[in-house]
Amino acid sequence: MTTSEDFSLVVNGSHRSVVDALPGESLLFVLRERLGLIGSKNACEEGECGSCTVRLDGETVCSCLVLAAAAADREVVTIEGLTSEEAVLSDVQQAFLDAGAVQCGFCTPGLLMAVDALLDADDEPDELTVREAISGNLCRCTGYGRILDAVDRAASARRSQVTP
Amino acid sequence: MTTLEAVSRTAAGPRIGESAPRPDGVPKVTGSFAFSSDLHNDRMLWGGTLRSPHAAARIRGIDVGPALALAGVHAVLTHEDVPGSPTYGLIHRDQPVLASDVVRYEGEPVVVVAADHPDMVRRALAVIEVDWEPTEPLVDPELAADATPIHPDGNVIRRVHLRHGDQTVADRQDLVSVEGTYEVGMQDQAFLGPESGLAVPDGDGGVDLYVATQWLHEDRDQVAACLGLPDDKVRLTLAGVGGAFGAREDLSLHVHLCLLALRTGRPVKMSYGREESFHGHVHRHPARMHYRHLATTEGDLVRVEARLLLDGGAYASSSSAVISNATCFAVGPYRVPSVEVEGVVVRTDNPPCGAMRGFGAVQTCFAHEAQMDRLAVALGMDPVDLRLRNALEPGDRLPTGQVITGTLPVAEVLRACAGHPSAAVGPDDPMARPGGAGRTADIDDVVRGEAVAVGFKNLMFSEGFDDSSSARCVLHRGVATITCACAEVGQGFVTLVHQIVGEVLGVDEVVLAPVATTSIGSAGSTSASRQTWMSGGAVQMACESVRRELLARVAAANDVSVHDLVLVDGRIFSLPGGGSGDDYLSIDLSLDEVTAEPVEADVVHRHAPTLPLDADGQGDAHVSFSVSAHRAIVDVDPDLGLVKVVELTTAQDVGRVLHPLQVLGQLEGGAAQGLGLAVMEEVQVTDGRIRNASFTDYLIPTALDMPPVEIAALIEQPEPGAPFGAKGIGEPPAISSTAAVAGALRDATGLDLPRVPVRPDDICLASGSALDEAD
Amino acid sequence: MVTVTIATSIDDACAALDSDPGALVMAGGTDLMVEVNRGTRLVGNVVAVDRVPELRGWSLEGDRSDVLRLGAGTTCADLAEPSLAKLVPALAQAARTVGSPQIRNAATLGGNLATASPAGDTLPVLAALDAEVELRSSAGTRRLPLDEFVVGVKVNALVPGELITAIRVPVLNGPQEFLKVGTRNAMVIAVTSLALVVDRPGRTVRVALGSVAPVPVRAIEAEVLAAERCDFDGMSVPPDEVVERFAILTADAARPIDDHRGSAAYRRHAVSVLARRAIRRAFSGVPSVAA
């Protein structure tokens, strides 16, 4: 059991300490305002848009609904962690660009996290599976058409990576 | 052309007609792109707004003392702290920066606060004491015109009475007549990135504001007026915009942020939450529309009468332009010799309404297309044939009397859309049926319907507005720097700039200067499907001007005629036959060499002038038009009233495709918003109060609601006067899509469904088909 | 200074609650943090229970292994997994309709109970299954039937210092259905929902409704009718008049209100439609293989 006032998070593989956080600060707030990781977005702050999606111990969650202090020492991966250290875009990021799935871009980081997690679990998802997997990520610009195309592209890229 | 062919193309950069990569794409997929809500300054304070809990009330007093007394609170400001104009507004400056003696809608800003942390802001707002005297709100737009004015400017924001052609045909007895009353609910733009910004005082009485907006210079003018500062003391820079769709055409937190920054001497950031965002921007106007169509038994439209009532809410915003569009396009893209439309937009204590994608035309398209379907039934005609028979063509007159001089392929989009094979299959998986994840429908519970709708709208600003965009191109050492104040809101203007520069100058190294009021003149608003034409045109003009100067420079230096020079893919060559004739390609210079000294061009691009409407709503008020058609296929569970749109097919008049992927993105995205209005999206307002100001209850389509969009055709008929012949494409997809989905729901259910969004009750608790009751 | 205690055992959590019985117990946080973000819930001490392994698992109990004990920290995503879906299909289906995939990864069964919203998606299933809620505090363990735990709109029977540790439901031999009406095809709050479970050996049908009353309601009269008139051996489709009567009686159990998500009239109507469909699906003429 740990009791914390100040705490540390493991974000994209690095330990980051958080001091003087006010009670109730969400993981999203701490990532954005205290750690300078602006990629996770705040669009509803009630878990209804998916723009703040991060992976917490591997699972996608809405970081706006995670109490930051309660996530102490858990593995957090944000959109900033999707790009390799050599700044090479991941298959999903590249696919979103190639497919024209990015317009205003506000929903993009959350969608990328959701799609990345989907393809980790299933690299050949059928269309309905994809639609359900991203049904928690609202996009207001694209109507999802190019996003679905991007998922297809990313899935085949990932399959070709793992094919011996 | 042998010479040009001989010059092998070396550049791989973006050109017109190609799906060039977005220059902001990489930062957007890596999370480093800074939206307005991502702005940060180490010294910054957080701002917040106290809003009226009442739709109508008098303010007897405001005590900010308890808030000021809190630790960490740096400023608490009221209307008394607004040094300049107490009001602002896009067309009429009728909206208080901060309410003084009365409030006219729920959510009207009253007090603003700056503090060290958002939580302190919240605490400060909670202890401000406002002595309210609630009054009876005026919420029924039908009563507004005759009610006691709730604003010094009166309750009728604008009335447009359009009369066209022979009015006596109204009394002809030999015509088939259909009549109907239609309603459209209040839609929200629901952009994902909430209103936000950062104001930084310059220490010298001025302020820099970084904000997400659609129109920097207009914002600047309004903000400066409210701050009582000269324009040069108020500098706006575009911050990353997380979608707009019309909701960022008005000011929101702009003046508030500047007031707080100037008062505290510190940078101040403000970012609305979703609930506040619903109160913080204008919505799509709810409409009540009564129509009567008269046609010959052969199906020729003879006359259309319409009464349109739009609820503008508490303040004018762009209402006067919205009612103008609604009136001008009330009959749809049809040839109608006799028309009478009375369009009125009124003031109420409901949330203010203003710009949203396709404004005015979205509402009336829903109504006129419902009427056309009813008329087809009354005539025993195929609904597409009826539309084709009456389709407007170039050379025809609009109800405003204006002759269509450009392109308008109404019949083409209709035919393409209606004739496109459907890829829709049966909903085998329960998740794909109406009700989706709730798995409410078995296969036998589902009926399918289909309908086609068509709609059109003006491109760009109308009625004599002096519309322009400024651009600058500087070519230096082969690098083109483009300056233009066009707000990139996601539509991809930044991509288009690269394409235009590549196309005109063959230059692939393009730098976009920061978009700011200090760097150049206005680009006008990113709205009305106008930026490709206006700012794209300005960039094109600037590049062409640079090109001319370059060629002149090289011609002079080499003592040849400019007519003997060509610029291809970033190099300047001489043409054979020019000069001595033998020295084929004797001149071969890179732009890098030629522009060691920079070449610069500053231009202002205007479209052809328009005229105001006269007292009868007549006049050449519009520049250009664009038409789109949609076919919707829907599955309905009639017993539960649940809906699944199975397929949308569209054809659109685009002039010319400049960027295939971006066109697709606009068509799909616009259709999604139209689908939303048809089946789920409504800001529910009761007694002036919004009941669903959240993404939990204001529902927009998810990936399980939005079907594939089939593109039946992109009609490429170059529009005279338009840069590259391209029309703006942003709005039409949101216009005919709603009407098509509603039509398909009628087809599936046999119900009248005169209101969107269609609610489950409207389908499963309907007393019976009003089609049966008609006549 | 407030503290956030990250409990790693139930005893940890109880000890922390003992020292501050008013502390907020937080599991997935998907309901509580909405209120925190909105500023409608002030945060004091928090006991985070999402890292307590004992709360996460499930097991079969009873002489015949026919009671499923679900740890309160079982997430909605866990509930939808095939291994659990096989045992309580209606619960799996209900869990799959909760929020979005991201929410389902965090939201827990115990949290859904504690929030006690009329629209809580798992609640009608738990009501139909006559679930039992296990509560722990440093004073000991107590068990409450569901209808004594969820007692009003967002009101539960937890006393300060207590937390939900497990939910017990029977593993029944018979079909189960969960249907949920929302005005969007995913990620939507229930306008109304219905759970129906069949106990073939016990020759009973149990049906419960969500979002049509302050708490989940059972349609007792409909259940009586079904017990009398349904064919639990051949599972044949009930006669139309039985289906219609079942639908009417089910709708009679609803006490819906008008709100921004739907009208009372619509909810009552929808319940009858769901009842008709659920009983037809359950008694589809195909005897299900014993679990």
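Modeller: Rings of Phe, Tyr and Trp (its six-membered ring) pair if their centres lie within 6.5 Å, and planes under 30 degrees apart count as stacked, over 60 as edge-to-face and the rest as tilted. This is a predicted model, in which local features need pLDDT of at least 70 and side-chain atom pairs count only at pLDDT 80 or more, while totals for chains, interfaces and linings use all residues. Residues are numbered from 1 along each chain as its sequence is written, chains are lettered from A and ligands numbered from 1 in the order in which they are written, and side-chain values use heavy atoms, with hydrogens and water left out.

Colleague: How many aromatic pairs does the structure hold over all chains?

Modeller: Ring pairs link A:Phe106, B:Phe33 and B:Phe35 into a cluster. Over all chains, the number of aromatic pairs is 14.

Colleague: How many residues apart are B:Phe278 and B:Phe695?

Modeller: These two rings form an edge-to-face pair, 6.3 Å centre to centre with 90° between the planes. B:Phe278 belongs to helix α8 (residues 274-280) of chain B, whereas B:Phe695 lies in the loop between β29 (689-690) and β30 (709-715) of chain B; helices (H or I, at least four residues) and strands (E, at least two) are DSSP runs, numbered from the N terminus. The pair thus links distant parts of the chain, and the separation in residues is 417.

Colleague: Is B:Phe278 buried or exposed?

Modeller: Buried means under 20% relative accessible area, exposed over 50% and partly exposed in between (1.4 Å probe, protein chains only). The relative accessible area of B:Phe278 is 1%, so this residue is buried.

Colleague: Which strands of chain B stand at the edges, each with a single partner strand?

Modeller: An open sheet of three strands runs in the order β22-β23-β24 (chain B), with antiparallel pairing, where two strands pair if DSSP finds at least two bridges between them. One side of each edge strand is left without a neighbour in the sheet, because each has a single partner strand, and these edge strands of chain B are β22 (565-568) and β24 (588-590).

Colleague: Over which ring does the charged end of B:Lys28 sit?

Modeller: A charge sits over a ring if NZ of Lys or CZ of Arg is within 6 Å of the ring centre and within 35 degrees of the ring normal. The charged end of B:Lys28 is 4.8 Å from the centre of the ring concerned, that of B:Phe33.
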